[in-house]
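Welcome! Here are a few exercises to work through with the structure open beside you. Try each task before reading its solution.

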Amino acid sequence: MKFVKAKLLMVIGMLTWFFTGCSNPALSVVKPSGEVGKMQLNLIYLSTAIMTLVTVVVAVIYIYVVIRFRERPGDTHIPKQVEGSTVLEIVWTVIPIILLIILAVPTVSTTFQIEKRPAPSQHPVQINVTGYQYWWKFNYPQAGITTANEVHIPAGRPIEFVMQSHDVIHAFWVPSLGGKRDLEPGRMNRLILKADKPGTYEGKCTELCGASHALMNFRVIAHQTAEYDAWIRSMQKVNSQAKSVLAKEGQRLVGQNCIGCHAIRNGGYKVLGGKGPELTAFGQRTRIAGVLDNNPQNLRAWLQNPQNVKPGSRMPSFAHLEKKQIDALVEYLESLKGSSQ
Amino acid sequence: MTTIIVLLVFAMFLGGIFTGGYTSRYVKRMEESSIWGWITTVDHKRIGILYLISGGFFFAVGGLEALLIRIQLMFPNAKFLVGDEYNQILSMHGTTMIFLVAMPLLFALMNAVVPLQIGARDVAFPFLNALGFWMYFAGALLLNISWLFGGAPDAGWTSYASLALPDYSPGPGVNYYVLGLQISGIGTLMSGINFLVTIINMRAPGMSYLRLPMFTWATFVTSALILFAFPPLTAGLFMMMFDRLFGSNFFSVTGGGNVIIWEHIFWIFGHPEVYILVLPAFGVFSDVLSNFSKKRIFGYHSMVFALVLIGFLGFMVWLHHMFTVGLGDVANSVFAIATMAISVPTGIKVFNWLFTMWGGRLRFTTAMLYASGFIVTFVMGGVTGIMLAVPPADFQFHDSYFVVAHFHYVILGGTVFGILAGVYYWWPKMFGSLLNEKLGKWNFWTFFLGMHLTFFPQHFLGLFGMPRRVFTWSPGYRLELGNYLSTIGAFLMLIGVIFMVINVLLTLTKGAPAESDPWDGRTLEWTISSPPPEYNFAQLPLVRGVDAWWLEKMEGNEKMTPSEPLGAIHMPNASHLPFVMAVGLFISGFGFVFQTSEVGAIGLIVVIATLFIRSFQEDHGHHIEPLELSEKGVNH
């Protein structure tokens with residue numbers, strides 16, 4: 001009796017905690033903001049319901065048996081040695097099969113449905129995603145722009161993420177929009193997602209990819225269509241020339257220190273590095289390296305000791321630069337914005 | 001190499017000092033010492049104890065690693081264990097718990113019990129049995145000394161390419177993984193074959209297949225799974241080894257290889273592996289539930305059929321670990337249905353267990369508590385398994401903490417509870433004394449509640465967007481409470497384990513001696529003394545039905561009817577060759593880890609030399625004569 005009570009108390013406590021402790025809608029399977037995520041959640045609910053039913057049936061029989069057939073003090077009877085019961089065994093073979101069929105039909109139909117490529121009439125947007133240790137490259141082939149760790153999408157239009165990895169296996173997961181898909185070296189993968197409404201959704205790498213796997217984050221920022229088109233134009237017509245004296249010094253230093261790995265478009269550089277994340281319009285990003293909030297102080301910390309922020313990152317430390325030089329770099333990088341026209 | 005020679009000389013030196021110096025009788029004295037006895041033993045009961053000790057030791061190591069993980073994850077942005085160090089701990093926790101804890105502890109129970117349950121005097125190949133143990137131990141040691149020399153594996157227990165290839169994991173860590181698992185894996189394969197042959201060939205007269213106790217049936221099916229599942233692992237590990245040590249390109253994309261092939265090979269082994277872990281536990285629970293309900297197992301035939309069916313289907317579902325790889329809607333659907341199908345035989349087993357208890361007289365000893373705690377826990381882990389089989393839902397669950405919760409419910413609630421139930425149940429048969437029931441109950445309740453407190457919240461962590469294998473998480477996403485509770489639960493489990501350790505120490509030092517049949521048992525192991533004599537059965541028993549011993553007791557017989565007259569008993573000779581062979585493999589593995597082929601070759605020469613010696617050795621074993629038996633107090 002005592003342990004049944006303890007178990008009941010525990011279950012009730014857990015359930016209360018589940019229903020009261022709601023998740024953050026920016027990072028949650030149970031509060032999806034996308035069509036795919038909602039379809040998946042429906043299946044999760046259906047399977048949970050069937051499985052709860054099974055668990056409850058087992059629990060009821062179990063609790064009854066444990067209480068009813070406990071050995072009482074002084075009880076020495078020898079129970080009847082039952083061999084089995086064909087009827088009962090058929091019952092608990094057939095009922096699970098029926099339950100599984102109920103689950104299997106929507107499972108298979110949804111499996112096929114979410115892989116279906118959108119029709120051209122739905123104006124899908126293709127975005128090429130490449131995974132690197134430990135950052136994300138997002139390339140818009142139709143618009144000819146590239147960004148890193150933050151992907152802007154139009155709400156209400158299907159997005160086709162065409163994905164590949166540069167090095168090890170990564171996985172692309174935006175819980176609030178829908179399930180994940182692996183990025184593999186040497187193999188193209190496709191994931192179709194849609195955001196129902198504008199907002200910021202958190203993305204994660206979910207396949208162990210090295211020391212900073214935990215910090216390989218990205219953000220999906222969904223806009224109204226008009227706003228999204230404006231963003232695309234501002235990225236296409238970006239001007240990365242420095243405006244202040246300090247920033248001009250920074251621009252020169254980027255040319256000496258950064259441009260071998262990072263690309264900044266329309267900044268007058270002859271080289272556009274491809275090993276690291278593209279920094280065009282860096283000042284508009286919400287985060288540095290997908291981890292720190294984007295502000296001058298954090299950027300300074302990142303430049304001086306990247307390993308402290310993201311262990312195993314390929315980014316070398318620039319602590320050897322003078323403080324003034326770091327200030328100039330920060331000034332220039334933070335001034336990089338999309339064009340305002 | 002020099003180090004090894006120095007160590008060897010040092011060991012001989014110590015042996016000399018503590019036994020009376022180097023004299024002409026040195027070798028003889030060494031041979032008579034108890035340590036030498038344990039090293040050279042081929043007795044299945046002693047090998048079972050060796051498995052139990054080493055599995056228990058690595059359980060402590062793996063548990064410590066788990067605690068370090070939970071300490072780091074207790075609060076957001078913690079700096080206790082970050083980056084690659086965390087990945088090493090995480091990889092070794094998984095590898096240790098699966099290969100060095102769960103499997104050997106199950107082998108401990110199989111070794112201790114299966115020959116007794118089928119009325120045999122030993123396993124079919126006692127030499128191979130010892131070799132299997134020593135190879136497992138050599139591999140386990142090799143894996144764990146990685147902490148001291150060069151760093152542990154850091155690519156997860158699944159060791160996916162290309163993260164595990166030298167370009168992305170340049171240290172010796174993954175070499176240890178490849179070679180350690182290879183050596184211990186071949187040991188496991190040997191033991192599996194051994195149990196298959198033992199159960200086919202060594203059953204006592206009258207012990208037909210459909211009279212085998214459930215634990216023996218589970219061992220039989222498990223051994224068949226080992227036979228078919230471990231060769232893919234062996235092949236895969238060889239390819240990975242060649243990629244890492246000799247620059248082949250099986251998995252390297254830049255060299256024309258393919259990273260997905262490793263995932264296929266790994267899971268073609270890996271999924272049957274989870275059934276290898278859980279089926280023996282099913283067997284333990286069947287025996288324990290039947291014993292303490294005082295009833296025969298409900299639906300024996302369908303229980304056997306369900307075991308076989310689960311084992312068979314276990315080979316058809318590996319792709320459900322790879323739904324997110326993007327193999328297409330057809331493949332995903334087929335494997336989803338196959339996976340769901342496994343739940344039918346599993347459901348049959350659960351209901352048969354419930355109806356075994358139904359109408360019985362339930363005695364809640366610690367073993368029984370673990371068995372009944374298993375039923376609820378395993379059902380919770382099983383149903384999340386079916387939820388994971390739904391591919392679109394799996395796209396959300398996969399590689400999140402939901403999966404972590406699921407497989408810990410299954411492996412802890414199934415395998416570990418099974419091992420603990422088995423240890424409490426068969427401890428008197430293994431050691432001749434009973435574990436303390438009061439401490440046992442404390443052990444059960446703290447471990448059971450701790451387990452649920454640790455892993456239940458992790459379902460929600462997964463749904464709230466926490467990926468697995470991350471060394472940290474950010475505040476503000478409602479992950480705080482779950483992670484906090486989970487760590488508290490882990491410490492509660494630690495307390496449970498401490499109770500267990502105290503219990504074992506107390507029992508070993510001043511436990512009351514156990515009778516031959518302390519639980520009013522039903523199967524043959526309870527017909528002989530605790531612990532049994534070297535030869536187990538002076539006369540092989542005649543088996544007349546399922547639950548052979550119970551049958552005799554119900555008819556008022558005080559012992560089994562013997563099936564043969566008392567005669568000389570043929571026993572295998574002890575041998576030091578398995579140990580030497582394992583030492584050779586260890587040296588070889590260690591050499592190859594550091595890519596010094598010379599050392600690797602020396603180790604292999606030792607192995608081949610011992611193989612050669614064994615092949616030409618005339619070892620016919622020895623006989624124990626009836627006269628000696630009567631001196632040892634066996635009644636005619």
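## Exercise 1: Where the chains meet

In this predicted model, 84 residues of chain A are in contact with 76 residues of chain B. Your task: find which elements of chain A supply at least two residues each to the side that touches chain B, and which gives the most.

Solution. Start by going along chain A and picking out the helices: α1 (2-20), α2 (35-68) and α3 (86-115) each supply at least two residues to the side that touches chain B. Then look for the top contributor: α3(A) gives the most, with 16 residues. Finally, sort the residues on this side of chain A by type, and you get 44 nonpolar, 24 polar and 16 charged.

## Exercise 2: The build of chain A

Work out whether chain A is a compact globule or more spread out than one.

Solution. Begin with the parts: chain A has eight helices and twelve strands. Now compare its radius of gyration, 28 Å, with the 20 Å that the globule rule gives for 341 residues; the value is well over the rule, so chain A is more spread out than a compact globule. The box filled by its C-alpha atoms, taken along the principal axes, is roughly 95 × 50 × 35 Å. For burial, 41% of the 341 residues of chain A count as buried.

Now turn to the record. An unreviewed UniProt entry lists residues 122-234 of chain A as "domain: Cytochrome oxidase subunit II copper A binding". In the model, this span is 9% helix and 53% strand, and its end C-alpha atoms lie 24 Å apart.

## Exercise 3: Two residues of chain B

Decide whether B:R203 is buried or exposed, and find which residues B:V288 is in contact with beyond its neighbours within four places in sequence.

Solution. First locate B:R203, in the loop between α7 (173-201) and α8 (214-246) of chain B. Then count: B:R203 has 20 C-beta neighbours inside 10 Å, so this residue counts as buried. Not counting residues up to four places away in sequence, B:R203 touches B:I118 and B:G119.

For B:V288, begin with the largest nonpolar core, which has 292 residues. Those with the most contacts inside this core are B:F285, B:V288, B:L307, B:Y370 and B:A421. Leaving aside its neighbours within four places in sequence, B:V288 is in contact with B:A367, B:M368, B:A371, B:A421 and B:Y425.

Definitions and conventions
Residues are numbered from 1 along each chain as its sequence is written. Chains are lettered from A and ligands numbered from 1 in the order in which they are written. This is a predicted model: local features need pLDDT of at least 70, side-chain atom pairs count only at pLDDT 80 or more; totals for chains, interfaces and linings use all residues. A nonpolar core is a set of buried Ala, Val, Leu, Ile, Met, Phe, Trp, Tyr and Cys residues joined through C-beta atoms within 7 Å. A residue is buried if 20 or more other C-beta atoms lie within 10 Å of its own, exposed if 12 or fewer, and partly exposed in between; C-beta atoms are placed from the backbone. Two residues are in contact if their C-beta atoms, placed from the backbone, lie within 7 Å. Helices (H or I, at least four residues) and strands (E, at least two) are DSSP runs, numbered from the N terminus. Ala, Val, Leu, Ile, Met, Phe, Trp, Tyr, Cys and Pro count as nonpolar, Asp, Glu, Lys and Arg as charged, and the others, Gly among them, as polar. The radius of gyration is taken over C-alpha atoms; the globule rule is 2.2 Å times the number of residues to the power 0.38. UniProt positions are given in the numbering used here, feature names are shortened, and annotations may be inferred rather than shown by experiment.
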